Amino acid sequence: MADKATLTIGDKTIEMPVLKGSTGPDVVDVRKFYAESDMFTFDPGFTSTASCESKITYIDGDAGILLHRGYPIDQLVEKSSFLEVCYLLLHGDLPKADEFEKFEHNITYHTMLHAQFDRFFEGFRRDAHPMAIMTGAVGALSAFYADSINVDDPREREISAHRMIAKMPTIAARAFKYHMGQPFVSPRNELSYSENFLRMCFAVPAEDYVPNPVLTRAMDRIFILHADHEQNASTSTVRLAGSSGAHPFACIAAGIACLWGPSHGGANQEALEMLEEIGTVDKIPEFIEGVKARKYKLMGFGHRVYKNFDPRATAMQKTCHEVLGELGIKDPLLEVAMELEKIALSDPYFIERKLYPNIDFYSGITLRAMGFPSKMFTVLFALARTVGWISQWKEMFEDPGRKIGRPRQLYTGPTERDYVAIDKR
Ligand code: SDX
């Protein structure tokens, strides 16, 4: 591959270096392009733009490959645990036994929230969307943990990373309990990360909580599948917020706000509600016609990067069958989802546009079977993605070449004109 790119604009020739990655597409380094051409590159939606250099996650959209620090997602889902994947994303390698034990202890002993923080939830209406609560609660964390927001101190950066990973399940479970009108449940240090979260969500004072190892394993796998995903919209939001020197709690709150969008993390709620609206298999052809007529999109389908199966969707479908099997649930929506997938994957409209199921297509059926209402689905996505956001933030912040993100624009508005008094307009 060439080591430089040449662009001729009129009578001017501009040479730009080509930078090579360890795998995947090379990049044309345009950092000096404006200085040399007095022009900007133009790429709304960043379909052809690499915003940063990263060593964390690699996606090959055509081959349907997802690697975290080089490890394939299907191996991590089968052989690892969410907390071990957290260590991998944060530190770059799988931990040795003593390293993991120390990491797990640090996370476990940061799961509690300041007692005053619980009163924060009472400011919301009971019917508030749990994502509204998450956005507000995480944004407020710096008001309670101001001793770890000095981003220039590596130790404070590490503590805030641990606090975020540890406290998100407690905050998410409180958002769920508040929404349900049930009392909050405190974390227990003897439980594993996912078991602790499920107990905080589903334990009630009226009876002892009996963990279900199949559901605990399914929850852990779902967290692994959502942990990180290269420079997606919410991760790019976190990086841009962090580039100004904003502390991690503020950056994660910005990421949560972005994730909520229906085209991004909000799609898991939208996908289940779409399946509920279709209702039965015989209604699928009519629904597909509506998609082709561009009345609405097929939620849980399509992806900016994957133009093949999202490897996470395959693992999610397997987990979905395991959970429904364990609970003895015959959810008609699973049949609708599988028939919809089969029809869509054989229809030229979807084939031409390379639209495949993404991670959100089967997650909703699984989470509903586990007892979560659809409004909690994106909260669970945010809980899992927090480690990806904080790992990407850490990588951005520790880059010696870090600069504040400040894109330019193609201006097509009015050119300069003089003010006109109101009685002359
Ligand atoms: C996530 O980036 C990430 O990695 C995100 C994520 C992560 O882990 O962080 O993977 C999580 O957000 C998964 C995606 C969840 N969103 C949805 O399921 C919502 C439905 N999907 C679409 O909104 C869409 O597919 C996007 C937003 C995901 C991707 O959109 P793109 O890359 O901008 O593609 P596009 O809109 O340019 O679509 C190309 C064509 C268009 O048709 P034409 O105008 O060329 O005729 O495909 C069509 C689109 O209309 N299309 C769809 C479709 N998605 C794209 N048509 C019907 N149903 C869909 N779902």
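Which are the buried residues of α11? They are P248, F249, C251, I252, A253, G255, I256 and L259, where buried means under 20% relative accessible area, exposed means over 50%, and partly exposed lies in between (1.4 Å probe, protein chains only).

## Basis of the values

This is a predicted model, in which local features need pLDDT of at least 70 and side-chain atom pairs count only at pLDDT 80 or more, while totals for chains, interfaces and linings use all residues. Residues are numbered from 1 along each chain as its sequence is written, and side-chain values use heavy atoms, with hydrogens and water left out.

## Helix α11

Helix α11 covers residues 248-259, helices being DSSP runs (H or I, at least four residues) and strands likewise (E, at least two), numbered from the N terminus. Its 12 residues reach 16 Å from the first C-alpha to the last, close to the 16 Å expected at 1.5 Å a residue, the expected span being 1.5 Å times one less than the number of residues. The buried residues of α11 pack against α6 (130-144), α7 (154-180), α10 (233-243) and α18 (377-397), with contact taken as heavy atoms within 4.5 Å.

## Cysteines

With a disulfide defined as a pair of cysteine sulfur atoms within 2.5 Å, the count comes to 0 disulfides. The sulfur of C251 is too far for a bond, because the closest cysteine sulfur, in C258, is 13 Å away; C251 itself is buried at 0% relative accessibility. C320 is likewise in no disulfide, the nearest cysteine sulfur being that of C201 at 19 Å, and C320 is buried with a relative accessible area of 0%.

## The contact of α3 with α4

Helix α3 (residues 82-91) packs against helix α4 (residues 97-108) at an angle of about 105 degrees, with the axes 10 Å apart; axes are lines fitted to C-alpha atoms, for helices over the stretch in contact, and angles run from 0 to 180 degrees between N-to-C directions. The two helices are therefore roughly perpendicular, a term for angles of 65 to 115 degrees. The contact is made by L83, E84, C86, Y87 and L90 of α3 together with E99, F100, F103, E104 and I107 of α4.

## Positive phi values

Most residues other than glycine have a negative phi. R69, in the loop between β5 (65-68) and β6 (71-72), has a positive phi near 50 degrees and is partly exposed, with a relative accessible area of 21%. E230, in the loop between α9 (213-225) and α10, has a positive phi of about 60 degrees although it is not a glycine, and E230 is partly exposed at 25% relative accessibility.

Note on methods:
Parallel < 35°, antiparallel > 145°, perpendicular 65-115°, else oblique.
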